Amino acid sequence: MKLWYTEKHSKDARFSIKVERQLFSQQSEYQKIDVLESQEFGRFLTLDGLMMLTEKDEFIYHDMLVHVAMATHLDGIRDVLVIGGGDGGTVRELTRYASIQHIDLVEIDPMVVEVCREFLPQTACKLDDPRVRIVYEDGLRFVRGKEDAYDLILVDSTDPFGPGEGLFTREFYGNCYKALREDGILVNQQESPYYEKYAEATRRSYLRIHSLFPVSRVYQAHIPTYPSGHWLFGFASKRYDPVEDFGPEAAAAWNALGLYTRYYNTRLHRGCFALPTYVNELLEE
């Protein structure tokens with residue numbers, strides 16, 4: 001019997017992957033967690049029936065969430081907060097930088113971390129790095145009590161429905177602003193601009209961040225297993241512009257580290273901020 005994982009991207013569009021076997025399926029306190037294995041994409045994780053990552057293309061998401069900010073302010077990022085990201089992929093990329101001294105990973109659901117440690121070591125492999133502290137708490141509540149504490153905040157959240165909904169509010173972004181130091185950077189995933197439901201979440205998130213930070217930009221990547229494949233990220237900063245402040249010297253400094261990345265590179269860094277017209281129109285409405 002053929003088994004297929006199917007995700008609804010809109011009321012008229014669905015995405016399917018042929019499944020070889022189911023490795024894990026359980027309801028946690030917060031959400032339904034499934035790990036499935038496929039021939040095409042390897043193992044993949046879904047939460048409440050929505051794709052979080054696959055072994056085949058997770059590198060795209062994690063490269064772009066982490067390295068754009070790191071390359072922009074390479075010498076100034078020591079303390080990092082990751083909100084969400086219990087799969088460990090964001091932490092894995094951060095730990096590649098010797099200059100980072102401390103990483104707080106705030107994940108609301110302990111079961112996500114446990115499951116990924118067991119079934120997805122590709123992403124969870126650096127969760128035991130001595131610089132990493134895992135806090136099981138609501139990210140909205142955690143960041144509320146922080147002030148002038150971090151150089152970089154990465155919001156590696158689920159979609160703005162269910163447990164991740166609070167991480168797309170103006171209150172949350174305002175608290176992130178206070179938690180950042182005077183030259184701090186905030187990066188968050190901002191959904192797809194293509195399908196109407198996701199596009200509206202993109203626009204709301206961008207406008208809320210844009211109203212708080214003096215520097216606010218949006219950049220893009222192609223992630224095959226995410227809705228439409230066209231995915232956006234938000235870059236906000238109190239000081240640094242990821243394009244204007246990323247010149248030849250900054251690119252050379254990042255390249256000198258010798259980090260091998262399968263998606264990000266310093267030429268792509270500037271190009272990913274050049275958005276299609278339909279996305280610019282969405283953000284300017």
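Two strands count as paired here if DSSP finds at least two bridges between them, and helices (H or I, at least four residues) and strands (E, at least two) are DSSP runs numbered from the N terminus. This is a predicted model, so local features need pLDDT of at least 70 and side-chain atom pairs count only at pLDDT 80 or more, while totals for chains, interfaces and linings use all residues. Residues are numbered from 1 along each chain as its sequence is written, and side-chain values use heavy atoms, with hydrogens and water left out.

**View 1. The five-stranded sheet is open and antiparallel.** Its strands run in the order β1-β2-β3-β4-β5, with β1 (3-10) and β5 (50-54) at the edges, each pairing on one side only. The twist averages 45° from one strand to the next; axes are lines fitted to C-alpha atoms, for helices over the stretch in contact, and angles run from 0 to 180 degrees between N-to-C directions. Helix α3 (residues 110-119) packs on this sheet and touches β2, β3 (32-38) and β4 (42-47), contact being heavy atoms within 4.5 Å.

**View 2. Zooming in on β1 and β2, we see antiparallel pairing over seven bridges.** Tyrosine 5 has isoleucine 17 of β2 as its bridge partner.

**View 3. The seven-stranded sheet is open, with mixed pairing.** The order is β8-β7-β6-β9-β10-β12-β11, and the edge strands β8 (132-136) and β11 (215-222) each pair on one side only. Helix α7 packs on this sheet, touching β10, β11 and β12, and its direction makes about 150° with that of β11.

**View 4. Here is helix α7 itself, residues 196-210.** Its 15 residues reach 21 Å from first C-alpha to last, close to the 21 Å expected (1.5 Å times one less than the number of residues). Tyr198, Ala201 and Ser205 are among its buried residues; buried means under 20% relative accessible area, exposed over 50%, partly exposed in between (1.4 Å probe, protein chains only).

**View 5. Aspartate 79 and arginine 181 form a salt bridge.** That term means a side-chain nitrogen of Lys or Arg within 4 Å of a carboxyl oxygen of Asp or Glu, and in this pair the closest N and O atoms are 2.9 Å apart. Aspartate 79 lies in strand β6 (residues 79-84) and arginine 181 in β10, so the pair ties together parts 102 residues apart in sequence. Aspartate 79 is buried at 16% relative accessibility, and arginine 181 is partly exposed at 25%.

**View 6. Glu58, Arg92, Glu93 and Arg96 are linked in a salt-bridge network.** The whole structure has 18 salt bridges.
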